[in-house]
There are 2 protein chains.
Amino acid sequence: MNIDMKRVIELLNGAEDVLILTHKNPDGDTLGCGVALCRVLRALGKRANVINGDVVPKRYNYLFENLEPQDFEPEYIVAVDVADNKLLGKLDELYGDKVDLCIDHHGTNVGYAKELYLCADDGAAALTLFRIFKEMGVEITPDVATALYTGLSTDTGCFRYSNASSECYRVGAELIDLGADNANINALMFETKPMEYFNLLSETLSGMRTFCDGKVIALKVTNEMFARTGATPDQCDAIAAMSRQVEGALCGITMKEKPQGGFKFSLRTHEPLDAAKICSAFGGGGHMRAAGCDADAGTEEDVLSKMIALIETELK
Amino acid sequence: MNIDMKRVIELLNGAEDVLILTHKNPDGDTLGCGVALCRVLRALGKRANVINGDVVPKRYNYLFENLEPQDFEPEYIVAVDVADNKLLGKLDELYGDKVDLCIDHHGTNVGYAKELYLCADDGAAALTLFRIFKEMGVEITPDVATALYTGLSTDTGCFRYSNASSECYRVGAELIDLGADNANINALMFETKPMEYFNLLSETLSGMRTFCDGKVIALKVTNEMFARTGATPDQCDAIAAMSRQVEGALCGITMKEKPQGGFKFSLRTHEPLDAAKICSAFGGGGHMRAAGCDADAGTEEDVLSKMIALIETELK
């Protein structure tokens, strides 16, 4: 059920002993929102924890400073930036059908939560949450501002992509004034990458393939490459983002082998290609310019061929 | 002579037949400011042209749409984002000692112009110029907003660096609302690189070496690599910038072979290493975080060894 701002505030004000869920393969937006909401609820005198089904990469550690887990039995469950209960990963079995409230910005949200507050035009769930906090009248402390800025910046590619509306910029300005150290956050999120990432990048780029007269770029990252370079699967995100940067490319496809085998496809597109539409044909989803799907129906090369055929049709 | 806002507006309102100069090896800020000022002056019924001593790279073409040169004898000369008359390049001999007004944000401005309006805290000269336009009360049309947004975004690394103040974000928001297509501008400025660049990047990264326990990274780009990948030497700038992004590295050294042979070294550093100081020991110079030198004294490997020895001393 899609609810309005008044209702979401009523729910958050009424909730006690809140468990906040974030999506697997976590990014700055889901973690930033989870941490921000957890801190705000605690400041309101409630008990709250934020958890993730995966191991959270170390570079996000700064978000969790002075946020020790609290000991309580969850009474109310909130998911932030989680479009589908399947994206809860290991938490899905435990909580997937028990989510009381979901706050999200994915137009593809499947509506698994009892109540859903969805702002599909927002460039980041952090923007949605910021608006809620403002309406609630809660104090946005420097560590809440830091968490929200992290979500806003990471989901908009540091205010670079088409989802970075002027409202994103204005909220970014306000969060900086409230204490978010934008230069350091962005240095951590965008400027520093482990040596292993660069080794993986080098190997991946050396295997770059082009299709549709250069309009489609395909990159493949295998478990063998992860093992050889020591890079971790989450470092693939930056490679996927890069796939769209090749001059003339309207679609970058990054095929990442999953630890258990099989491949996950990440798409990044420029106009007129709709990444979510293309991925939905393969059981996935996401946003217009960034989406993904699992490719378990056949070999990754079979799925790639079918996807390229679909893109060719779309481009006509 | 350092002047105030009132005086700069008086000067611009009083000027006729204005020639606007931008700095050599042009970037988005100098060109964006030049174009924005030229358009505003023309809208005020004046004749105005904007010129550069170098060939302006094609990716900036969108700034110059519908801005045909006008035919007149310059009566008033303005330089934008030009800290030193030497940075006028080929235009220095003609105009270096005739600049009536300089609008700039470089604290290092040498004061070559008759009158100087300097805002050294501004992340971009485009921010300075935006404030002038607001105070003048001129209309900021979509193409002026586009030019100013280009300057603001490129000089702050798309709102990423420490010079991106909350005011930069607020002005960015206003320029978007006034018609700057931020997504397309940023795609052109940051997101699009030729296929050859990625091929060169892959080859270069595969030869990455580390020294001083990973605190120093060295990359080498040879003429053979340029020839094999089809990449051009100016594409090395992005590779040099990347050399500092390796986790744990305090100094990235990029050795680029010159067309005529011999190598140019580009350094990028983090605290506490001073790139300009290191390069000055080899006859070069630059800024604290980015500097360069020619390495003609010996083979590039000899120079690299000496430089690493110097850095080791600096790190002690």
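**Exercise 1. Which residue just after H4(A) takes a positive phi, and of about how many degrees?**

Solution. Go to the end of H4(A). Just after this helix, Gly137(A) has a positive phi of about 80 degrees. Helices here are DSSP runs of H or I with at least four residues, strands are runs of E with at least two, and both are numbered from the N terminus.

The model is predicted: local features need pLDDT of at least 70, side-chain atom pairs count only at pLDDT 80 or more, and totals for chains, interfaces and linings use all residues. Residues are numbered from 1 along each chain as its sequence is written, chains are lettered from A and ligands numbered from 1 in the order in which they are written, and side-chain values use heavy atoms, leaving out hydrogens and water.

**Exercise 2. What should helix H4 of chain A span, and how far apart are its end C-alpha atoms?**

Solution. Step one: H4 of chain A covers residues 125–136, which is 12 residues. Step two: the expected span is 1.5 Å times one less than the number of residues. Step three: that predicts 16 Å, and the end C-alpha atoms are 16 Å apart, which agrees.

**Exercise 3. How many residues of H4(A) are buried, and what do they pack against?**

Solution. Buried means under 20% relative accessible area, exposed over 50%, and partly exposed in between (1.4 Å probe, protein chains only). H4(A) has 9 of its 12 residues buried, so the helix is mostly covered. Among them are Leu127(A), Phe130(A) and Phe133(A). Next, find contacts, meaning heavy atoms within 4.5 Å. The partners in chain A include strand S4 (101–104), strand S5 (115–118) and helix H1 (5–14).

**Exercise 4. What is the strand order of the open sheet in chain B, and which strands stand at the edges?**

Solution. Strands pair if DSSP finds at least two bridges between them. The 5 strands are ordered S2-S1-S3-S4-S5, with parallel pairing. S2 (48–51) and S5 (115–118) of chain B are the edges; each has a single partner strand, so one side of each lacks a neighbour in the sheet. Now look inside: 4 bridges join S1 (residues 18–21) to S3 (residues 76–80) in chain B. There, Val18(B) stands opposite Tyr76(B).

**Exercise 5. By what turn and shift can chain B be laid on chain A?**

Solution. Superpose by least squares on the C-alpha atoms of residues with pLDDT of at least 70 in both copies. The turn is 179 degrees, the shift along the axis 0.6 Å, and the RMSD 2.8 Å. The two copies are thus related as by a two-fold rotation axis. In chain B, Ser202(B) comes closest to the rotation axis, at 1.3 Å (C-alpha).
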